[in-house]
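This report describes the architecture of a protein model, from the overall fold to individual residues.

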Amino acid sequence: MTYVERVLDDLKKRNPGEKEFHQAATEILLTLEPVINAHPEYEKSALLERFTEPERTILFRVAWVDDNGKVQVNKGYRVQFNSAIGPYKGGLRFHPSVNLSIIKFLGLEQILKNSLTGLPIGGGKGGSDFDPKGKSDREIMAFCQSFMTELYRHIGADTDVPAGDIGVGAREVGYLFGQYKRIRDEHVGVLTGRGLSYGGSLIRKEATGYGLIYITAEAMKARGYSFAGKTTLVSGSGNVAIYACEKAQELGAKVVAMCDSNGYVYDENGIDLAVVKQIKEVERGRIKEYANRVQGAKYFEGCKGIWTIPCDVALPCATQNEIDEESAKALIANGVQYVAEGANMPSTLEAISAFQNAKGVVFLPAKAANAGGVATSALEMAQSSGRLYWSSEEVDAKLKTIMVNIYHNIDKAAKKYGFDGNYVMGANIAGFEKVAEAMMAHGVV
Ligand code: NDP
């Protein structure tokens, strides 16, 4: 057994039942073999054992009162995974599926993603099994205030800076920040994704989606290709999906489908994004509505079918494991050329290997492709610390530079170890090298 295999074996025994965490750790660690082999000192100092064990895991009760006067209890999580290169940084997810395994997989991914941005941010993630769907505004506020009443003691502008994720958007960040400020009496950059009137950054809302398109466009450019005229699928219709669609359309792509957790819409004339924004951002409605409002558009129940639509570019921007092997094979058979992950871990391990084994398919993994969100969060932190604001153009230009650099860094790292074009390896290795160096410098902690 190699060192990596032993660590994985042990990790599975010590963290039973955490299947998403096992999946992410397996995907990451197996690709690090070449780096580990080049650094025998890593094994001596149990670097991988430390890298896969969170520095701190906080689990807490969140009690709140609903509109019927009934007391509700949810689980709260914050996993402070790795602070070797900067304060913990990573989003909060509010979704009924949230459990420790999901938070740990997201946290582990986040360490490498944050490192790839080139900015000084460590990795963390948190959330709750609270379901914001169907809740009144007052219930959301009550929940967020209770959540922060525990979380505040564990976070800080130089310690741990959470942000949004699934189910946590501008409204939730506002309530969370308000409660933090009330308890601590500090107006600091302790959360990112804040509103523009109280310390937020321009372009943060758009950043993950825009960043996804910038890195994909750079990969295309390297191959003499571009988004112009390319049939594109975007799954999801949330924050990442909407702004990925917006930028892809700006670059000339024809986005023909989007979805939510109930089903997908197909619009062969190209998605009318203003209608999607109205349904999702304003009315908080269902994507099904789109087909009622736009002539020629069709709605299909269930999401899996979206991947059977022929396309040049597939951008999964909804949730983990939304593309399985069967869907990957359907995409490949229909001629997909670029798959770039906007969501976290949207492709199963089998789907990733199908993409990587298919000739001519460029696969950009989440930790590189969706790093634009956290990168812009780090730019928000920089603006907060400096007590200043940059213009949209300044932030957008910095975001673009970061994404272009990420592409070239992962490309270089893959080539350095003889895996040209394997961006899963390139991203894991490029992200890991910096974290490993910092951890070694800090001694056994
Ligand atoms: P949102 O909550 O804004 O949107 C999520 C979208 O995905 C919604 O349209 C939702 O539909 C859909 N969805 C959720 N579950 C499923 C499912 N099982 N099948 C099909 N569709 C589903 O979240 P974000 O856009 O912020 O996040 C999307 C992904 O991107 C997540 O994986 C997140 O971790 C990742 N990400 C987000 C970043 C950000 O800056 N926001 C940064 C980096 C990564 P419905 O409304 O029905 O639930």
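How many helices and strands are there in the protein chain? The chain holds 18 helices and 12 strands. The model discussed here is predicted.

**Overall form**

The C-alpha trace spans about 60 × 60 × 45 Å along its principal axes.

Of the 445 residues, 58% count as buried. Among contacts between residues at least 6 apart in sequence, 71% join residues at least 24 apart. The protein chain exposes about 17500 Å², and carbon and sulfur atoms supply 51% of this area.

**The nonpolar core**

The largest nonpolar core has 98 residues. Those that touch the most other members are Leu 29, Leu 48, Phe 51, Met 258, Tyr 290, Leu 364 and Phe 432. Which helix provides the largest share of this core? That share, 10 residues, comes from helix α18, which covers residues 423–441.

**Aromatic pairs**

A search of the whole structure finds 18 aromatic pairs. Two of them are set out below.

| Pair | Centre to centre | Angle between planes | Arrangement |
|---|---|---|---|
| Phe 94 and Phe 130 | 6.0 Å | 90 degrees | edge-to-face |
| Tyr 210 and Tyr 243 | 6.4 Å | 65 degrees | edge-to-face |

Where do the members of the phenylalanine pair lie? Phe 94 belongs to strand β3 (residues 88–94), whereas Phe 130 is in the loop between β4 (123–128) and α7 (137–151); the pair therefore ties together parts that are 36 residues apart in sequence. Both Phe 94 and Phe 130 are buried. Ring pairs also link these two residues with Phe 60, Trp 64, Phe 143 and Phe 147 into a cluster.

The tyrosine pair likewise links distant parts of the chain. Tyr 210 is in helix α9 (residues 204–221) and Tyr 243 is in helix α10 (residues 239–250), 33 residues apart. Both Tyr 210 and Tyr 243 are buried.

**Charges over rings**

Elsewhere, the charged end of Lys 398 sits over the ring of Trp 390, 4.6 Å from its centre.

**Two residues in detail**

Leu 8 lies in helix α1, which covers residues 3–14. Is Leu 8 buried or exposed? Leu 8 has a relative accessible area of 5%, and because this is under 20%, the residue counts as buried. Not counting residues up to four places away in sequence, Leu 8 touches Ala 25, Thr 26, Leu 29 and Leu 30. Leu 29 is also one of the core residues that touch the most other members. The C-alpha atoms of Leu 8 and Thr 52 are separated by 9.2 Å, and these residues are 44 residues apart along the chain.

Ser 115 is found in helix α6, which covers residues 100–116. Its relative accessibility is 4%, so Ser 115 counts as buried by the 20% limit. Which residues are in contact with Ser 115, leaving aside its neighbours within four places in sequence? They are Ile 85, Ile 121, Ala 430, Gly 431, Lys 434 and Val 435.

Definitions and conventions
Residues are numbered from 1 along each chain as its sequence is written. This is a predicted model: local features need pLDDT of at least 70, side-chain atom pairs count only at pLDDT 80 or more; totals for chains, interfaces and linings use all residues. Side-chain values use heavy atoms; hydrogens and water are left out. Rings of Phe, Tyr and Trp (its six-membered ring) pair if their centres lie within 6.5 Å; planes under 30 degrees apart count as stacked, over 60 as edge-to-face and the rest as tilted. Helices (H or I, at least four residues) and strands (E, at least two) are DSSP runs, numbered from the N terminus. Buried means under 20% relative accessible area, exposed over 50%, partly exposed in between (1.4 Å probe, protein chains only). A charge sits over a ring if NZ of Lys or CZ of Arg is within 6 Å of the ring centre and within 35 degrees of the ring normal. Contact means heavy atoms within 4.5 Å. Accessible areas come from the Shrake-Rupley method with a 1.4 Å probe; for residues, only the protein chains shown count as cover. A nonpolar core is a set of buried Ala, Val, Leu, Ile, Met, Phe, Trp, Tyr and Cys residues joined through side-chain atoms within 4.5 Å.
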